[in-house]
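Below is a set of questions and answers on one protein model.

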Amino acid sequence: GALQSVLADRKFSFSYYAVGLMILFGVLFGRLICGFLCPFGFLQDLLYKIPTPKLKIKRSIDRPLRYLKYLILAIFVILLPLLLTDAFGSGTPYFCKLICPAGTLEGGIPLLLENKSLRAMAGVLFDWKLLLVLVTVIGSIFVYRPFCKYLCPLGAFYALFNKISFYRLKVDGVRCTGCKTCEKQCKMNVAVTKNINSAECIRCGDCIAACPEKAINSNLHLKKEEFTVPLAEE
């Protein structure tokens, strides 16, 4: 939101403090922010715990959809606020205005419940965003973190740092037997034995807990380490 607001303001051209903080968190932790600090991610976790049949998105559909969050980051967070301006040179934080279900649920709805005059002003745009919240909430019951997987631009930004962040996961190639129990437990569908620090990993720790050989650990790595994982058939 801060990044969009500054890009959309004719007085400024770049948000150094917002981008700087985001880069700092990304370099330090990668998508650990998504796994442990995001309240909307926590809400999705709780919704997924509701005992219902779960949906498994086909790989042919899931993989292309993962790139949608990067398009949203580029178009709605950066390009539209920067380029689509009014006669006075000011733009609009388009992602917050048109899409963000987290802002609607955590900010918009409480504000409207508290302020009668704001409720009177709510129109088609708020109805649209309320629909997005409803779809996201219902979807989160059947699909694990759909907003994080497919739509969140902040998650997309932090994902860019997953492979180089100081906080990373590591598979012990000696202990690993290639049973892939970790991959079966990963709700983000990460190929743990091949690419444990994938851009899709939110550092939730499920793979660490699931590994029967205790071959996975997490730590702050001050320099990049390369390792290989022997497969069972080898």
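Q: Leaving aside its neighbours within four places in sequence, which residues is methionine 22 in contact with?
A: In this predicted model, methionine 22 sits in helix α2, residues 16–29. Its relative accessible area is 15%, and under 20% counts as buried, so methionine 22 is buried. With neighbours within four places in sequence set aside, the residues in contact with methionine 22 are Leu154, Phe157 and Tyr158.

Q: What separates the C-alpha atoms of methionine 22 and leucine 154?
A: Leu154 is one of the contacts of methionine 22 outside its sequence neighbours. Along the chain the two residues are 132 residues apart.

Q: Is isoleucine 33 buried or exposed?
A: Isoleucine 33 belongs to helix α3, which spans residues 32–36. Beyond the neighbours within four places in sequence, it is in contact with Phe25, Cys38 and Tyr158. The relative accessibility is 13%, and the cut-off for burial is under 20%, so isoleucine 33 counts as buried.

Q: How many Å apart in space are isoleucine 33 and cysteine 201, C-alpha to C-alpha?
A: In sequence, isoleucine 33 and cysteine 201 are 168 residues apart. In space, their C-alpha to C-alpha distance is 11 Å.

Q: Among contacts between residues at least 6 apart in sequence, what percentage join residues at least 24 apart?
A: Over the protein, counting contacts between residues at least 6 apart in sequence, the share that joins residues at least 24 apart is 76%.

Q: How many nonpolar, polar and charged residues are in the contact of α4 with α10?
A: From α4, the residues that meet α10 are Phe40, Gln44, Leu47 and Tyr48. From α10, the partners are Thr136, Val137, Ser140, Ile141 and Phe142. By class, this contact has six nonpolar, three polar and no charged residues.

Q: What is the orientation of α4 and α8 to each other?
A: Helix α8 is made of residues 101–114, and its axis comes within 10 Å of that of α4. Pro39, Phe40 and Leu43 in α4 meet Pro101, Ala102, Leu105 and Glu106 in α8. The classes in this contact are six nonpolar, no polar and one charged. The axes cross at roughly 95°, between the limits of 65 and 115 degrees, so α4 and α8 are roughly perpendicular.

Q: What is the orientation of α5 and α6 to each other?
A: Pro64, Leu65 and Arg66 in α5 meet Leu68, Lys69 and Tyr70 in α6. By class, the contact has four nonpolar, no polar and two charged residues. The axes of α5 and α6 are 4 Å apart at an angle of about 20°. That angle is under 35 degrees, so α5 and α6 are roughly parallel.

Q: Which helices are included in what covers the buried residues of α6?
A: Helix α6 runs over residues 68–83, and its buried residues are Lys69, Ile72, Leu73, Val77 and Pro81. The cover over these residues includes α1, α5, α7, α11 and α12.

Q: Is arginine 145 buried or exposed?
A: Arginine 145 is found in the loop between α10 and α11. Its phi is near 45°, a positive value in a residue other than glycine. With a relative accessible area of 1%, against a cut-off of under 20%, arginine 145 is therefore buried.

Q: Is lysine 214 buried or exposed?
A: Lysine 214 also has a positive phi, near 55°. Its place is in the loop between α15 and β2. The relative accessibility is 54%, and over 50% counts as exposed, so lysine 214 is exposed.

Terms used: Residues numbered from 1 in each chain as written. Predicted model: local features only at pLDDT ≥ 70, side-chain atom pairs only at ≥ 80, totals over all residues. Heavy atoms only, no water. Contact = heavy atoms within 4.5 Å. Helix = DSSP H or I, 4+ residues; strand = E, 2+ residues; numbered from the N terminus. Nonpolar A, V, L, I, M, F, W, Y, C, P; charged D, E, K, R; others polar. Buried < 20%, exposed > 50% of the residue type's maximum accessible area, 1.4 Å probe, protein only. Axes fitted to C-alpha atoms, helices over the stretch in contact; angles between N-to-C directions. Parallel < 35°, antiparallel > 145°, perpendicular 65-115°, else oblique.
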